[in-house]
Amino acid sequence: MGIAAHSFGVAEPDDTAANAVEINPDDTVTIYAAVADPGEGDESMLSQLAAQVLGMPLEKIHLYTRDTEKTVASGPSAGSRQTYMNGGAMLNAIENMLKAMQEAGSRTYAGLKKAGKPFRYDGTKAVIGQPQLDPKTGQGGNFDSHVHNIQMAEIEVNTETGEVIVLKMTSAIDAGTIIHPKNFEGQNEGGMDQGVGYALREEFVLGKTKDWITFKFPTIDKSFEVEYVIRETPRKRGPLGATGIGELTMTSTAPSITNAIYNACGARIYDLPATPDKVKAALKAGK
């Protein structure tokens, strides 16, 4: 067994996001967000947060995310920032709409129209702080939020061939309020699978690595058992207490595996991936 821990910063200093919500004539609500969803669940995140805060069923929440005509730039789907930044910007827009509804004494399109209120409301989220380093202190602004984990790898090492087999990965993680449990599990499972590939197989060699086969991309036959120990500590400035989780999921994986290799057979690997040849060489050097 081997363990490793990591804390990942979310929402860097001076980061900003913008969003908008609009009530429609049929009293459904449309979210206007320039948010790309390459697989981590940004669209379900926006829909669920909006439905929760508005007290509406999901089928009454619409998304407009694939076109820039009615949205504004709100930053990339990178740095594990979308839930924290754009989720927060959307909740600010909803807060502005709910305030207008309270003033109008109605939560309907017709009621807002009668009161002379607009139907679309903008929202923003900004991280205070300077990204540049202070030339006197050498210090810069901090991330607005953090996500934490400890991972434990359980492995077997064939000391004759140098092959390493991952039997199980356990992740103890605190990502604030969990919005979508299955997305949460999928993000962690996929991240650890990538982390195992980085630790044991994936290697780019100029002129030799040409496709997913020569790169040794992970396949289902290399999958392993996964267990989670989950703690939800609400983040004070996160949307309903949530924060991001993307990159964190694979950062602790490789060091937990190399620590497990060392604990299993005494071979300390410093150069990833820990291929069978490297494991055998480390074993030989240690004898």
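Q: Which side chains meet in a salt bridge at 3.8 Å, N to O?
A: Side chains of opposite charge can pair when their charged atoms come close. The criterion is a side-chain nitrogen of Lys or Arg within 4 Å of a carboxyl oxygen of Asp or Glu. Here the side chains of Glu185 and Lys182 meet in this way, at 3.8 Å from N to O. About one helical turn separates the two, because Glu185 and Lys182 are three residues apart in helix 4 (residues 181-200). Helices (H or I, at least four residues) and strands (E, at least two) are DSSP runs, numbered from the N terminus. This is a predicted model, in which local features need pLDDT of at least 70 and side-chain atom pairs count only at pLDDT 80 or more, while totals for chains, interfaces and linings use all residues. Residues are numbered from 1 along each chain as its sequence is written, and side-chain values use heavy atoms, with hydrogens and water left out.

Q: Is Lys182 buried or exposed?
A: The classes rest on relative accessible area: buried is under 20%, exposed is over 50%, and partly exposed lies in between (1.4 Å probe, protein chains only). Lys182 has 61% relative accessibility and therefore counts as exposed.

Q: How many salt bridges does the structure hold?
A: The structure holds 10 salt bridges. One of them joins the side chains of Glu103 and Lys117, at 2.6 Å from N to O. This pair links distant parts of the chain, 14 residues apart: Glu103 belongs to helix 2 (residues 82-104), and Lys117 to the loop between helix 3 (109-114) and strand 5 (120-126). Lys117 is partly exposed, at 22% relative accessibility.

Q: Which residue forms a salt bridge with Lys168, with the closest N and O atoms 3.9 Å apart?
A: The partner is Glu225, at that N to O distance of 3.9 Å. The pair links distant parts of the chain, since Glu225 is in strand 8 and Lys168 in strand 7 (residues 164-174), 57 residues apart. Glu225 is partly exposed at 48% relative accessibility, whereas Lys168 is buried at 14%. Salt bridges also link Lys168, Glu225 and Glu227 in a network.

Q: Which residues does Asn92 touch, not counting residues up to four places away in sequence?
A: Contact means heavy atoms within 4.5 Å. Asn92, in helix 2, touches Asp122, Gly123 and Thr124 on this count. The side chain of Asn92 reaches the backbone nitrogen of Thr124 at 2.9 Å. Asn92 is partly exposed, with a relative accessible area of 22%.

Q: How many aromatic pairs does the structure hold?
A: A pair of aromatic rings is described by the distance of the centres and the angle of the planes. Rings of Phe, Tyr and Trp (its six-membered ring) pair if their centres lie within 6.5 Å; planes under 30 degrees apart count as stacked, over 60 as edge-to-face and the rest as tilted. The structure holds four such pairs. Among them, Tyr109 and Phe119 have ring centres 4.1 Å apart and planes at 15 degrees, so the pair is stacked. Tyr109 lies in helix 3 and Phe119 in the loop between helix 3 and strand 5, so the pair ties together parts 10 residues apart in sequence. For Trp212 and Phe215 the ring centres are 6.1 Å apart and the planes at 65 degrees, so this pair is edge-to-face. Both residues lie in helix 5 (residues 212-215), three residues apart, about one turn of the helix.

Q: Over which ring does the charged end of Arg120 sit?
A: A charge sits over a ring if NZ of Lys or CZ of Arg is within 6 Å of the ring centre and within 35 degrees of the ring normal. The charged end of Arg120 sits over the ring of Tyr32, 4.7 Å from its centre. Lys125 has its charged end over the ring of Tyr84, 4.7 Å from the centre of that ring.

Key. A polar contact is a pair of N or O atoms within 3.5 Å; within protein, one must be able to donate a hydrogen and the other to accept it, and residues adjacent in sequence count only if both atoms are side-chain atoms.
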